[in-house]
Structures are given as C-alpha cells and as structure tokens.
Amino acid sequence: MSDGTEQIETLEMEVKDFANSLPYWGKYLCSKLLAGLVLSDPDIEAAYSYLSQDLELIEKTDNPVITLNYNENTSEDYKESLVINTLQNVEGVNALSENQTIEFSPDITIIYGANGSGKSGYVRLLKNVFYSKHKEEILTNIHEEENNKQISAEFSFLSDTTDISLKYPDHSSNGIFKQFSVFDGVVALRHLENRNVFEFRPSGLSLFSQFNGAIDALQHKLDSEIALISLNNPYAVIFEEQSAISQLIHSLSSSSDINDFKRHSSFTEKHALIKQKYDKKYDDLKILLSSKDEQIKLLEKVKDQIERVKQNLEGINSNFKQEYLDKIPDTITNCLEKQKIAKEEGIENFSSEEIQSIGSIEWKEFIKAAEKFALKQKYPIYPQIGDNCLLCHQPIKKEQQDLISSYWDFLKSVAEHDSKDALILIDKLKDVFQKIEFDQFPHDNKLTEWLKENFPDTLTNLLNNLTTQEELANIIIQNLESKQLDKYPSVQTDIKSLSEIELVIDSKIKNIQEGELSKELDKVLKPKTYLTHKQKLSDRIEEIEELYNRMLWVSKANNFNKQYWKGNTTRTEKRLSNKYFNEEYIKVFNEECNYLNGNFGIEIDAKSSDAQSNRQLFLKGKKPSLILSEGEQKVIALADFLAESRLSVVNKGIIFDDPVNSLDEERKSNIAERLVKEALIKQVIIFTHDLVFLNALYNYCGDFKLNLSTHWVESIDKEIGVIALNNSPSLESDYKKSSEAQFYRDEAKKLQGKERERSIKNGFTALRTNYEALTIFKIFNGAIERFNERISIDRLKNMVLNKDIIDEVVDSYDLCCRYMEGHLHSNRYAAKKPTFENLVDEITRFDTLNSKIKAFKNSKKDKQ
C-alpha cells in the first residue's frame with residue numbers, strides 16, 4: 001500500500017492471485033475459466049502440452065504471456081434479462097401428446113393437473129433440460145413398441161427484446177439452460193440425507209471445482225499415455241548370472257545412469273576371442289566336473305594312445321636318422337657294381353649277333369623264368385636230347401641242350417648270386433619305407449579329436465613333420481627303384497611335445513582327483529559370464545536405452561502431484577467460500593426459514609471437498625429426517641433451494657413440482673405467498689394438483705398485482721398431457737360474475753329436449769356457485785375465504801349487512817339448489833322442471849343483485 005491506505009480485497013483479486021501463483025499450465029486453464037469459457041478438448045490439449053513442458057516430458061518452447069480477464073458470468077451464453085416464453089413440439093417424452101404448447105408468464109405461471117394427467121412427464125423433461133438435483137430418465141411411450149420418436153422439445157426465451165429459440169437435446173450445452181432450476185419436493189427430501197454441492201455460486205468460486213476437473217482430465221491423459229508405455233524389463237531373464245552388467249540390468253530404473261551401461265557395451269573381435277577361450281575352458285571344466293571317473297578314464301586312455309603314438313613316431317624317426325639315410329646310396333652303389341659284374345660275365349658266354357641285349361636285366365629275368373618253367377616239365381634235369389623246346393616245340397638237339405644247360409649254370413654263378421643279393425637288399429630297404437605308417441592321427445581317431453580340441457598347434461606341428469617324412473620316403477622309394485643316387489637330410493618328429501601333453505594330462509587327472517575343478521570353474525566363470533553379458537549388452541544397448549528413456553518419462557510424468565494441486569485448490573476454495581459465500585448462504589437460509597415459518601433450529605455444516613463447497617443440514621447434530629415430519633422436512637428443503645437460488649446471479653427462473661405435498665393449509669398458504677413474492681424478482685413456474693394451493697396462489701397474485709398465467713394439463717380420450725391454455729379448475733373468484741351461467745344459457749338456447757334441460761340445470765348449478773362467491777366476496781367482502789385460514793379483519797368494515805339483500809340472496813340460492821343437477825329431488829319438486837325462461841330470469845336477478853350490493857357499498861362509503 002504505497003499510498004498508506006488499506007487495500008480492500010475482493011473475490012476477483014484473490015482468485016487472480018491464486019491463478020497467478022500456478023505454473024504456466026494452471027494459469028492457462030484459469031485464464032479460460034475466468035473468461036467465462038467452458039474448457040474444450042483443444043484447451044485441455046494445450047494445457048497438457050504446457051504441463052508436459054513443465055514436467056520436462058517434451059522440449060520447452062516460448063509460450064505467450066497470459067493475461068487474466070475476470071468475467072463474473074460463468075457462460076458466454078449468460079443473459080442478464082431472461083424469461084422462458086414457450087415450450088412446444090415435445091416429442092418422445094413418456095406418452096405425452098404431441099403438438100402441445102405451454103406459454104409462460106414473465107412473472108408466474110401455474111400448470112394444474114391431476115394425477116395421471118401427464119404433468120409429471122413435463123416436469124421430468126424440465127428436470128433434464130434445466131438444473132435439477134436429480135435428472136430422472138426420460139422414457140419413451142411404453143405402450144408403443146414401434147415408431148417411438150427421439151426425445152426432443154423446443155423452447156423459446158426472451159432476453160430484453162430478443163427472441164431466442166433452443167432445441168433440446170441439440171442445444172443442451174447452451175448456458176441459457178443453466179439459468180433455470182427445478183425444485184422436486186420428493187427428491188429434495190432425499191437430498192436432506194446427504195451433503196449437497198452449492199450449484200449457484202459466484203463464478204470466481206466455481207473456477208476451483210472446474211480447475212480441479214481439468215486437473216483430473218490432465219491426470220487422465222497422463223495415465224493414458226503411461227498405460228501405453230511398457231516398463232516391463234525383459235532383460236533380467238537374459239542377464240541372469242551374476243556380473244557387474246547383470247547388477248545394472250536388474251536395478252535398471254529411471255534413477256540409473258545410462259552411461260554406466262554404455263561403458264560396458266563395447267564388444268570387439270578381441271573380446272570375442274577371449275570369450276571363446278573362456279567358453280571352451282569352462283565347458284571342458286564343466287564336463288570334467290560332471291563325470292570325474294569317466295573323465296579320468298578318458299584322460300588315461302588318451303595318455304595310453306599318446307604313448308603308443310610316441311613309440312610309433314620313435315620307430316618312424318629311426319628310419320629318418322642321418323646314419324640310416326646315408327646307407328641308402330651305399331646300398332644302391334653296391335647293387336649297381338654287382339649287376340655290372342654279372343652283366344659282364346653273361347655277355348662273354350652268351351653273346352650272339354642274332355639276339356640283342358644279352359646280359360641285360362630283362363634277359364636275366366627271362367632265363368630265370370625259363371628255368372622255373374623247365375622244372376615243371378621234367379624234374380630234375382631238363383632238357384635232354386629229344387625233349388621239345390619250351391618255345392618252338394621242336395625236338396632239342398645236342399647243341400640246344402648245351403646252350404640251355406649253360407644258362408642254368410650262369411644262374412648258379414657267384415657274380416649273379418651277388419647281384420641277386422644286392423637287389424634283395426634294395427627291395428628290403430624299399431619295403432621298409434613303403435610299410436611306414438605315417439597316418440598316426442586319423443580324422444576319426446579319438447586322440448586326434450582330443451588333440452584338436454585341447455592342443456591344436458601341437459597336432460598341426462606333428463602332422464606337418466609326418467607329411468615331410470612321408471614325402472622324403474616317397475623320394476627314397478623312387479630312387480631305390482631307379483637306383484638313383486642322392487643325399488637325404490635327416491627329418492625327425494618332435495616327440496617331446498607329446499611328453500609335455502602327458503604331463504598336462506597327469507595334472508588334470510590330479511586336479512580331478514583332488515577336487516580342484518570347482519575352484520578352477522569358479523575362476524573361469526566370472527570372466528566368462530562378464531564377457532557373455534558384455535556381448536549381449538552390445539547387441540541390446542539401444543533397446544535398453546529406449547527402455548530407460550521410457551522409465552525416465554514415466555518417472556517425470558509421475559512427478560505431477562494431482563493430490564497436491566487439488567488439495568491446494570480445495571483449501572483456497574474453502575477459504576474464499578467461507579469468506580465470500582458460505583456465511584451469506586447461512587444468513588439467507590435462515591431468512592427463508594423465517595419466511596416459511598420453518599425455524600426448527602437447523603444447523604448448517606458448510607465444508608469444501610474437491611474444491612466444491614457443500615453443506616449438510618443437521619438438527620441437534622442429527623439428520624432432519626430422523627426428527628422432523630415429512631412436511632417440516634419439505635419446508636427445510638424448500639428454504640435450502642430458495643436460499644441457494646437467491647445467491648445466484650445466474651439463476652433467472654425457478655420451477656416447482658408439487659412443492660406443498662403433505663403440508664397443511666397454513667403451510668400451503670405460507671409457501672404460496674413466498675413463491676409469489678419470489679415472482680416479483682424472477683420468473684416462477686409451478687406444477688401442482690392441489691386446489692387449495694392453487695387458490696392461495698391466485699389470491700396472492702391478486703394482492704401483489706402479478707401477471708399470472710394458468711394452464712390445465714389433462715388426459716383426454718387416452719391423450720395424455722393435453723394442454724388447455726389459460727384454463728384451470730373453477731375457483732371461487734371466477735364466479736364473481738355470471739359468465740359461466742350465461743354460457744349454459746346460450747348453450748341451452750340452441751338445444752332441445754334432455755340436452756336443453758341438462759344445460760339449464762348446469763346454468764342453475766353455476767348460479768348457485770355465483771351466490772356462494774357473492775357471499776364470500778361481496779356480503780363478507782373477502783374477510784373469510786374457504787381455502788384460506790387467514791381472516792382479513794380490516795375487510796369486515798365493508799361487509800354488506802342489509803336484511804333485504806341477504807333475504808334475496810337466500811331465496812335465490814334456494815331456488816338454484818332446487819333446479820340444479822347436483823341434488824336428488826323429491827317427487828314434489830321433481831315434477832316441476834326448470835325452464836329456459838327461469839334461467840334467464842335468475843341470471844338477470846343475480847346481475848341486478850350484484851348491482852344493488854355495489855350501490856349499497858358506494859352509499860355506505862359516502863356516508864362514511
């Protein structure tokens with residue numbers, strides 16, 4: 001207060017202070033509500049976007065500056081001046097007749113209807129169209145199974161000089177419909193049992209419940225998005241074993257650091273090789289551990305096989321030692337020399353010009369074969385003279401015998417024998433190398449498979465050495481066959497590596513026997529598991545990061561504390577309601593109780609819940625229904641309804657459905673007076689079937705000079721809800737003049753026979769009522785009325801106490817009673833029927849008597 005004066009707080013200022021204290025999304029919503037707008041789906045979407053920015057769910061943007069404009073009216077459809085003109089074209093409502101119209105007075109309108117006339121159908125429609133504590137379901141015509149029309153009704157309103165037409169339900173959201181409220185006496189009693197929300201309050205206070213409704217809408221949108229986001233962690237099953245990575249996976253949440261995952265996610269070729277090594281080692285250990293006896297037997301068998309292979313390799317190596325290889329060229333040289341000597345000796349003895357290559361190897365082989373074949377012919381001496389030649393079958397002579405015998409002698413000579421021995425030695429050498437088994441490690445051999453798994457490099461070296469030895473052996477064999485001289489380097493297979501493998505096997509057997517495998521398995525398992533998880537993490541890091549981002553989003557979304565914001569709103573609404581509304585309501589409620597003679601000691605418990613003020617009525621701490629009669633409860637409910645509607649700047653009309661059921665005539669009169677007074681302020685519409693209440697309303701409307709419209713709703717020829725405009729059951733005041741009797745006079749004039757007689761009698765019946773009304777309103781000047789317990793003492797001074805007039809009234813009344821249809825007459829009087837002339841005379845007499853009374857009263861006033 002810079003000027004030193006105290007600033008006066010207003011509801012508008014405090015509501016704006018509340019809105020300005022909110023985050024941007026809340027201030028945005030309040031700006032719409034304070035402007036008198038109904039929040040639309042786009043408004044909620046925009047607020048949700050601002051909320052998402054505030055929660056860091058989406059990127060923040062530069063948002064426009066919000067200016068708060070306070071509009072006291074809660075709807076852009078609100079009209080300061082407003083009345084209902086007509087209700088027409090009602091369709092599909094219960095069994096109400098169509099093409100009916102109800103016209104409404106700007107002051108007070110009464111729709112009278114007996115039970116079953118269709119009155120409740122119209123009330124049920126209005127309870128759904130306007131504000132009501134209980135909107136009953138509108139049923140279609142249950143008597144028609146087909147061709148039921150949709151529920152609809154047309155309303156016309158007048159705002160100043162502007163006609164407004166609205167159709168229900170097409171325009172049901174229009175704010176004009178919210179400016180009228182319906183009081184249902186039966187439902188009102190039920191609501192006395194419960195807490196009831198204040199429906200008509202200053203728009204500034206209405207903001208809070210609407211704001212909380214918007215908060216619920218925002219929460220619903222958040223919940224809907226959260227429901228679509230899967231937070232299931234499927235990776236816990238994939239990373240079951242213990243490792244640094246699995247600990248991260250199992251504890252994955254919005255509070256995790258995704259960089260911790262990324263640091264473990266790199267998996268290179270080097271990692272793959274290391275993993276392969278650990279996998280194999282682990283599998284071997286696992287196999288060993290699963291069957292110790294079998295593994296020991298397997299290792300011992302492998303060791304035995306290695307020992308045999310070692311022996312074989314040692315034997316093979318002996319053939320490829322240098323000293324052994326050096327003997328090969330010496331043996332070939334010796335053979336060549338021996339063959340040369342044998343050849344030379346063979347050529348000297350058997351040379352001939354006719355046969356070539358005498359002494360050659362082929363020649364020698366030929367001789368050897370001939371000797372063996374000769375022994376088959378004649379043993380032991382062949383040939384003898386006269387034997388046949390083995391080739392030409394000619395008889396052998398002496399010369400041929402000597403030649404053949406010399407062949408046999410040559411074969412037995414020393415040189416030839418030495419040559420044969422030398423060849424045998426070469427053949428033996430060749431046989432040695434041909435019989436060497438170089439395939440010591442066959443592919444399907446168990447030892448080969450085992451070495452390939454456990455010592456692949458050693459196996460490769462052994463196979464390479466054996467291949468080299470085999471190639472050298474083939475060269476030696478070829479040279480022995482061709483007697484080619486060459487030098488051969490020694491080639492030895494390293495048997496030491498196999499001995500080292502035997503030591504490893506011994507160690508494994510020992511470890512198995514001493515139970516060291518489990519310890520070794522545990523050592524291998526840790527790096528193996530880590531590398532396995534590292535590989536899996538590398539394959540899934542993007543999916544895991546996506547899950548993390550979803551968790552982070554949901555966590556941020558859950559930071560929206562709906563209960564905090566709604567609690568803050570409710571507390572503010574409660575404070576401002578107590579300050580600006582609740583106290584005023586209590587004051588007005590007590591006034592209404594005084595008006596209706598309903599001072600029963602009712603206490604009001606006003607509270608706030610979910611930013612909506614509500615109240616419950618108590619009597620000595622108990623619910624009114626437990627103490628008060630039904631009539632008394634209805635008075636309290638009516639006082640509550642009138643108090644709330646009085647405080648509303650929006651409400652322009654109130655509608656009552658049988659508000660005086662179960663009430664005595666005094667209370668009916670009190671309520672009639674109160675509702676007529678309310679009609680001085682706003683439009684009042686009353687549905688009733690109570691004639692006493694109807695009469696009281698008529699009387700008070702006359703007192704206050706109000707514009708009254710009365711309509712009659714009836715059931716005629718199975719047509720329910722038929723409206724007779726400007727019509728109602730006959731009232732005493734309607735018979736101050738002879739209009740009704742004149743109607744039957746005119747009707748009788750046109751008829752004949754029994755119909756004419758009936759109309760004449762009806763005319764006398766109307767005249768009889770005329771005299772009763774004349775007595776009440778003219779003789780006693782309305783001081784005492786039939787349906788009014790109130791006695792107007794001030795009217796007694798204008799009573800007509802003239803014996804001649806009173807005697808004339810009594811005589812005419814008796815005559816009417818004699819001629820009317822309402823009594824069973826004795827034969828004495830029944831014989832005399834009333835005539836048309838009698839009715840005309842009595843109407844004239846009544847009108848003349850009316851004039852006399854008026855003249856008497858005027859003369860009396862003159863004397864006064």
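Predicted model: local features only at pLDDT ≥ 70, side-chain atom pairs only at ≥ 80, totals over all residues.
Where does asparagine 94 sit? Asparagine 94 is in the loop between S1 and strand S2 (101–103).

Residues are numbered from 1 along each chain as its sequence is written, and side-chain values use heavy atoms, with hydrogens and water left out.

1. Let's stay with asparagine 94. Its phi is near 45 degrees, a positive value in a residue other than glycine. At 23% relative accessibility, asparagine 94 counts as partly exposed (buried means under 20% relative accessible area, exposed over 50%, partly exposed in between, with a 1.4 Å probe and protein chains only). Helices (H or I, at least four residues) and strands (E, at least two) are DSSP runs, numbered from the N terminus.

2. Two other backbone spots deserve a look. Glutamate 56, in the loop between H3 and S1, has a positive phi of about 65 degrees although it is not a glycine. Tyrosine 168 and proline 169 are joined by a cis peptide bond, with omega about 10 degrees. Proline 169 belongs to the loop between strand S5 (162–168) and strand S6 (180–184). For background, most residues other than glycine have a negative phi, and most peptide bonds are trans.

3. On to charges. A salt bridge here is a side-chain nitrogen of Lys or Arg within 4 Å of a carboxyl oxygen of Asp or Glu, and by this rule the count comes to 37 salt bridges. Take lysine 652 and glutamate 80, whose closest N and O atoms are 3.6 Å apart. This pair links distant parts of the chain, 572 residues apart: lysine 652 is in the loop between helix H21 (630–646) and strand S10 (653–657), and glutamate 80 in the loop between helix H3 (41–54) and strand S1 (83–91). Lysine 652 is buried at 16% relative accessible area, whereas glutamate 80 counts as exposed at 56%.

4. Another salt bridge pairs aspartate 216 with lysine 562, again with closest N and O atoms 3.6 Å apart. Aspartate 216 lies in helix H6 (residues 203–228) and lysine 562 in helix H20 (residues 562–595), so the pair ties together parts that are 346 residues apart in sequence. Helix H20 also holds threonine 570, which is buried at 14% relative accessibility. A polar contact of 3.5 Å joins the side chains of threonine 570 and asparagine 212 (a pair of N or O atoms within 3.5 Å; within protein, one must be able to donate a hydrogen and the other to accept it, and residues adjacent in sequence count only if both atoms are side-chain atoms).

5. Helix H10 has a pair of its own. Aspartate 279 and lysine 275 meet in a salt bridge of 2.7 Å, N to O. They are four residues apart in helix H10 (residues 269–290), so about one helical turn separates them. Both aspartate 279 and lysine 275 are buried. Lysine 281 also lies in helix H10, but is partly exposed at 39%.
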